[in-house]
Amino acid sequence: MYAKCFKRIVDFTASLVGMIVLSPVFLVLMVLGAVKMKGNPFFTQLRPGKDERIFRLIKFRTMTCEKDKDGNLLPDEKRLTKYGKLLRSTSLDELPELLNILKGDMSLVGPRPQLVRDMVFMTPEQRTRHSIRPGLTGLAQVSGRNNITWEQKIEYDLTYIRSGITLWGDIKILFMTVGKVFRREDTVREGTVSDMDFGDYLLEKGEVTEEVYQQRQKEAKELLGV
């Protein structure tokens with residue numbers, strides 16, 4: 001009953017209250033972001049949502065748009081600023097996602113919205129994680145976040161769905177998330193700046209061939225219309 005009827009009401013109410021209460025922080029980060037990033041403080045990206053409907057995720061920008069002489073973006077480690085690292089370590093870069101929750105694209109708790117180019121490498125069973133709205137936080141985030149394998153991450157997402165979605169379960173995950181944020185745990189996989197794409201991970205492990213890898217990347221681009 002909660003998952004079908006009341007979860008959306010809780011999401012809308014909590015995100016609206018959150019936006020109002022945190023509006024001073026939001027405004028400060030907008031101004032700081034515009035200065036630090038030398039322009040637009042927001043980063044948007046198309047992600048698969050419920051039933052794999054594509055929506056535009058919004059976050060605070062943590063990396064610059066610097067490019068090399070050929071017009072290609074520089075590697076993440078060169079574009080990630082000290083300000084961006086601070087936003088990531090405190091999870092403040094996620095704050096604008098409250099707007100996604102208000103719109104109904106996301107939920108407070110659920111599987112994190114991955115990239116479209118990650119989704120196309122998932123098995124049909126793994127893709128059932130998209131049967132519900134993606135979350136601002138989820139079981140995978142409080143169980144290791146970026147310091148667990150892709151397989152573990154997806155399995156936690158499926159466990160959240162299979163075990164039955166309850167109000168108490170969501171509250172527990174939210175409180176665990178607050179603890180993780182204050183301790184600044186598992187924000188980035190050890191030894192990396194950003195987590196590795198699922199396709200790159202599978203290719204590195206030898207679980208997909210180069211041919212399959214390229215085919216799936218093409219499929220992702222078609223879904224994004226690029």
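Visitor: In which helix does threonine 13 lie, and is threonine 13 buried, exposed or partly exposed?

Guide: This is a predicted model, in which local features need pLDDT of at least 70 and side-chain atom pairs count only at pLDDT 80 or more, while totals for chains, interfaces and linings use all residues. Residues are numbered from 1 along each chain as its sequence is written, and side-chain values use heavy atoms, with hydrogens and water left out. Threonine 13 lies in helix H1, where helices (H or I, at least four residues) and strands (E, at least two) are DSSP runs numbered from the N terminus. Buried means under 20% relative accessible area, exposed over 50% and partly exposed in between (1.4 Å probe, protein chains only), so threonine 13, with a relative accessible area of 42%, is partly exposed.

Visitor: How far apart are the C-alpha atoms of threonine 13 and leucine 223?

Guide: Along the chain, threonine 13 and leucine 223 are 210 residues apart.

Visitor: What span should helix H2 have, given its 14 residues?

Guide: The expected span of a helix is 1.5 Å times one less than its number of residues. The end C-alpha atoms of H2 are 20 Å apart, which agrees with the span that its 14 residues should have at 1.5 Å a residue, namely 20 Å.

Visitor: Where around H2 do its buried residues fall?

Guide: The residues in question are Phe26, Leu29 and Gly33, which are buried in H2. Seen down the axis of H2, they fall within an arc of 65°, the arc being that of the directions from the helix axis to the C-beta atoms. On the other side of H2, Leu27, Val31 and Val35 are exposed. The buried residues of H2 therefore line one face of the helix.

Visitor: What do the buried residues of H2 pack against?

Guide: Packing is judged here by contact, which means heavy atoms within 4.5 Å. By that criterion, the buried residues of H2 pack against helix H1 (2-21), strands S1 and S2 (54-60), and helices H4 and H5.

Visitor: What is the phi of lysine 38?

Guide: Most residues other than glycine have a negative phi. Lysine 38 is found in the loop between helix H2 (23-36) and strand S1 (42-48), and at 79% relative accessibility it counts as exposed. Its phi is a positive value in a residue other than glycine, near 55°.

Visitor: With which side chain does glutamate 94 make a polar contact?

Guide: Glutamate 94 sits in the loop between H4 and helix H5 (97-103), and with a relative accessible area of 11% it is buried. Not counting residues up to four places away in sequence, it touches Lys59, Arg112, Leu136 and Arg145. A polar contact is a pair of N or O atoms within 3.5 Å; within protein, one must be able to donate a hydrogen and the other to accept it, and residues adjacent in sequence count only if both atoms are side-chain atoms. The side chain with which glutamate 94 makes such a contact, at 3.0 Å, is that of arginine 112.
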